[in-house]
Amino acid sequence: MPAQSSLSEECGGENAALLLLKFLKIRQEHKMCNCYIASVEIKMRPEVQAVVLAAGPGMRMTALTATSPKCLLPLATLPMLAFPLHLLQQAGLEEATVVVAAGEEVRVSKVVEQCGLTINVDSAPVNTSTDPGTADSLRHILHKIKRNVDDVVIVSSDLVTDVKLQDVLDFHRAHGSTLTALTAPLTPPQHQPAPGPKTKPFTSSDVMVTESESGRLVLVVAGGDYDHTLTLPSVRSSKAPLLVSTSLLDAHLYIVKRSILEQCLAKESACQDMGSFKAEILPYIVSRQFQPQNKEAGPDEDFESLVSQYNTSVVMSRHHTSASFSSITCYAYKHQGLCVRVNTIPTYWDINRRMYSLIDKVLPGLSEPRRHPSAQIHEKAQVSEDSVVGAGTLVSEKTNITSCVLASHCRVDPMARLSNSVLAHHTAITSGCVVENSLVRASLNHKCVLKNCIVTDSSRIQEGKTYMNEILEATPEFV
Amino acid sequence: MAPKVEVHEESSILQAVILTECDIDYGTAITHYNPKVLVPLANTPLLDYTLAWLERCGVDEVIVYCRTNTHTDKIKQHCKRFTSRREDCGIKVMVVVSEDCLNLGDAMRDLYSKSLLKDDFILLQGDLVATLDLQDIVAKHKENRLSDKSMIMTCVYVNKPTETTTTTAAMEGEEERGKEVTATLVTAADTGKLLLHRRTRSKSSKISIPTELFQASSDLLTYPAAYDPSLAICSEVVPSLFSDNFDYGSRDSLLRGVIEQEELLGYSIRCQVVQDGYACRASTLQQYQRVSGEVMRREAYPMVCESSLTSHRIRYTYDPFTTTYWEPSAKFTKGNGGTSEVVVGAGTEVVDAGTVIITCKLFQRGNGGTSEVVVGAGTEVDAGVLLTASVVGDHCTLSDGVRANAAFIMNNVHIKSGCKLDHCYIGDDVVLEEGVVVSSGCVVGPGVRLGPHVTIPPGTQLVSRPPSSTPDHHDDFDETTRVKEADPSICGVKGKAFILLPEETNQDDDDDDEESSDDDGRSSGQDDGDSEDALMMMSDDEHSENEFRREVQESLMNGMSKKSAAENMVLEINASRHAYNVSMEDVLTTVTQGILRAGQKQDGGTEPTWPGINTALKCFVDVLRNYVRKGRDQLLVLNAIEKLMVDSPEFLPATQKILFNLNQTFEILEGEVILHWYKKGGAGTTAFTTIKTSIAQFIEWLEKDSEDEEDSEDEEDSDEECS
């Protein structure tokens, strides 16, 4: 059966082979003519590969990331990484490459089973001692991107959104987009103020210029990268008004054509010195849209032109990837729902506090109960309805808990009073503690009063003291 | 209750102001005979399009604003006819004439002083052809104005997603001109407030946006090139703003002023960018051609050629297959048939002619030609005539073999066989003999005769009378004024025509002016309309200089009578300098001349006398010294004195003494500098030769003095010698 061998070669993957066998079986049953086989297009090869960038050090929330990698910080009871993974899984992806800081691979790969996800995680460690940028991370795992995929989904580990990735992928394909970026209106945190000392909100916002109707990206400038004037490229072909927006959040979810990504990350590329995907490579790709095509007629192109000239019956398949930059079109997918990047303490705080109401939206289908069955809540404890209580958490009698997030395996001793606070895993609150509007990541072993505080080191807590607007963290030791 | 309603209705009269002296003109060959707004476009005067549109949009009162000139009566009569011809005319047309209106700002100031504008009004140019929904635009304007009192004006722009500006061959030969009527806009996305307004200059200009605009609004909507039909809905604040600021000449300068001084004035401007409807100004001849084509292609529907805009009767037969319109009385004579060329008429019967047009035109479609043609009443078109994208007026004759592409032929034109017309304008009563070729961009003025067998080079403007008789022009027609007889090499043996020279010098000046003043209005270097602007600007400069001179003179006179201290005088002069923005050199010139003149006036007599001048010099020597700092300044003083002699030679006798005293007594001028200046021939004015003779004695002495510098000459002696 010669047709079989050639087909299975072409479509690769085991799934394709399985399908082919199935198909042949059907064919035998129906006694179909042999020639049909050649005309069948097999669609089983994976078209999208996902990359989750989870090696970020969390520079804007160092108080929290000193003890735990950023991607594993809990949002309610789940680690942050579970959210993008779930997003990918919902879109039907079966595998994701997760770039993590070296040494965290094991913890990261455990996330999947902890959270009941089914997606296969291939963790790729990078050495974070050199402080690699997102582009460096991508270069590091470039060899893991399969040759036969069309698009690569790049997503940051700190994204919490209720967008349907399938919609974004459909948008990407429908527009024939080279690069699609997920954007959403920038919304201020609902729960303010965040614990800890007062901080200034982040400085200048990104500027995104899109064609107002089509959503085509015209210019992307990362916050702080612009001066007194912004120069828009001349878009001669269209008269569509351009929306110059500083109120759009770049969600750090990009769908990029593999060929373009490979070109940008290749050693000899113009981007070889770029460290950040968002601030450098993305603006570069967007700007390439409006540059004149460089006519480097390679042998492939010659062949293409010959084919199109003399053989009109040959239509290039959409899998046919031309190696030229000639037709880059970038789009912004404008999502109107929830889209938050958890990369600062205020956003982390806000998302944690809102998680009670958001959990159904951002993790549809993942039945993570708000009150875990294994949690032991004393019948004389008062726990408000809008609190989240994780697995194995023990809440003693005569406690009062309102609008709190208690992660798994916490212990709240009698007579403790907690309100509007977030407790990390394995946090013990000793009896008599009063905690208001605080983020507690270490056990409170002494009776104390906390207001608007962040606690990451229990040794800083002294008996009977009151703390306000403070970060109680381990002082770095200088040797 | 009832009277209250009436009052309300009274106050909500919707007014519109049509400016007939548009900022851009068609050139004297046309506008000398007919005002621009009455130039027919597809055989309907431009003004009718505007009036008909305004009437349909529920405008109650139209003010047609024009300047006093030969055309005023024509416009008045036309407006009268327009309203009287239909019984149910809903608009009141009022023609307002002003003596000295040079631009939109003047018109606004005049209307403000006449207090003719009561409420919100529509401001537009008379060459606009539009079908926009004005009622909707005005309603939005009023709504915005209710919510935001600081909003004083809504500018209307048209941004069509499909671009149709690709005119194949430009009428004027300058394709880029069309870009002048577009603007780059930056508006706040939520409110539509205009934050940045810039004329689109070059084709591929990148748009730069000041990032400080993000403070005003986080989302900006940018229109790279929105078409500007010069249409605005203004509140009653606008005319008052114009009359408060005399430097606001055009709408653009108002926009710039309001945007730049938002904090100071507290006003804002909004934009409405419309997608639907048609609006285009026939501002230049190139635009005229474009609008004409678009009207013929029914893009301005329901304003179509076949229905008269004044009486609404159907005047033309319309063939939708070929976009051809003809008046039933037009004759298309039978041709031989069988020619491969496309002919307009091949049947004696008009209806037949139509059918033949269809077949022929369909045939021509295959060649990629366009076919929009309008033929007016009583016109005779012979067989073998090829007309494309052209308009033929009433009572014309087109003989066999005439080919016209994008030609605009007015009334009573006779074109004999073999003529070729391309992208040109042919005025009333023109006769073209056999074999005349009119190249693209030509304007043939009314009454011109051409031919036989001449070729008119591209871009020529021809008039029937020698151009010197045209009043609008400046005296750079020396050559043509001398030739009173028409040149047969230009217009042919039977011809009678004179070339109207393009005013290149003026245009250049104008461009410079424009660059230096950074888009002063849209006075783009466009034919004639601008030379006026240029003149006006020049006189503006002169005016401020004169004012400065007058002020300095006044300060000096006052200072002399009051014996003011030199520092105070300098302070006063510097204040004037800043007020009129005069350069340091000009200040020195003015001060020098002013001092000398002060001496003359102080004396009381008209003849300047040395004692008077001497006292003035003594009085102001410190003032002068303050301005003379380096050697170059000394030369300026000398030049100033020389120039003074040009204007008032009565100072001549005193020159030697003035120079001597400035040199010896006051030590402001160095001997060497004077000698140098003398040898170089002074400032090179006509007065230098006379000065030369009058100061020869002093120069001789100076030379001697510099030669034997060692010998300390007695100053008393030399003083005597000189006097």
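## Helices α17 and α19 of chain B

In this predicted model, helix α17 of chain B (residues 566-580) packs against helix α19 of chain B (residues 610-627), their axes coming within 8 Å and crossing at roughly 55°. That angle makes α17(B) oblique to α19(B). The crossing of α17(B) past α19(B) is right-handed.

On the α17(B) side the contact is formed by B:A566, B:M569, B:V570, B:I573 and B:N574, which meet B:F620, B:D622, B:V623, B:N626 and B:Y627 of α19(B). Sorted by class, this contact of α17(B) with α19(B) contains 7 nonpolar, 2 polar and 1 charged residues.

## Helices α20 and α22 of chain B

A further pair in chain B consists of helix α20 (residues 631-647) and helix α22 (residues 671-679), which pack at an angle of about 55° with their axes 10 Å apart. The two helices, α20(B) and α22(B), are therefore oblique to each other. Their crossing is right-handed.

Helix α20(B) contributes B:G631, B:Q634, B:L635, B:L638, B:N639 and B:E642, and these residues meet B:V673, B:I674 and B:W677 in α22(B). The contact of α20(B) with α22(B) comprises 5 nonpolar, 3 polar and 1 charged residues.

## Helices α5 and α8 of chain B

Helix α5 (residues 104-113) and helix α8 (residues 237-244) of chain B have axes that come within 8 Å and cross at roughly 110°. At this angle α5(B) is roughly perpendicular to α8(B).

The residues of α5(B) in this contact are B:L104, B:G105, B:M108, B:R109 and B:Y112; their counterparts in α8(B) are B:P239, B:S240, B:F242 and B:S243. Divided by class, the contact of α5(B) with α8(B) holds 5 nonpolar, 3 polar and 1 charged residues.

## A parallel sheet in chain B

Chain B also contains an open sheet of 6 strands with parallel pairing, in the order β17-β19-β22-β24-β26-β29. Strands β17 (331-332) and β29 (449-450) stand at the edges, and each has a single partner strand, so one side of each is left without a neighbour in the sheet.

Within this order, strand β19 (residues 380-381) and strand β22 (residues 397-398) of chain B pair in the parallel sense over 2 bridges. In β22(B), B:L398 is the bridge partner of B:V381.

## Confidence in the two chains

For the model as a whole, the scores are ipTM 0.77 and pTM 0.69. Chain A has an average pLDDT of 81, and 80% of its residues score at least 70. In chain A, the pLDDT is below 50 over residues 295-299, a stretch with 2 contacts in the model beyond near neighbours in sequence. Residues 318-325 of chain A also have pLDDT below 50, and this stretch has 15 contacts beyond near neighbours in sequence.

Chain B averages a pLDDT of 76, with 78% of the residues scoring at least 70. Over residues 1-10 of chain B the pLDDT stays under 50, and the model has 0 contacts beyond four places in sequence for them. The pLDDT likewise stays under 50 over residues 335-370 of chain B, but for this stretch the model has 61 contacts beyond four places in sequence.

How values were computed:
Residues are numbered from 1 along each chain as its sequence is written. Chains are lettered from A and ligands numbered from 1 in the order in which they are written. This is a predicted model: local features need pLDDT of at least 70, side-chain atom pairs count only at pLDDT 80 or more; totals for chains, interfaces and linings use all residues. Side-chain values use heavy atoms; hydrogens and water are left out. Axes are lines fitted to C-alpha atoms, for helices over the stretch in contact, and angles run from 0 to 180 degrees between N-to-C directions. Helices (H or I, at least four residues) and strands (E, at least two) are DSSP runs, numbered from the N terminus. Angles under 35 degrees count as roughly parallel, over 145 as roughly antiparallel, 65 to 115 as roughly perpendicular and the rest as oblique. A crossing is left-handed if the near helix is turned anticlockwise from the far one by less than a right angle, and right-handed if clockwise. Contact means heavy atoms within 4.5 Å. Ala, Val, Leu, Ile, Met, Phe, Trp, Tyr, Cys and Pro count as nonpolar, Asp, Glu, Lys and Arg as charged, and the others, Gly among them, as polar. Two strands pair if DSSP finds at least two bridges between them. pLDDT is the predictor's confidence in each residue, from 0 to 100.
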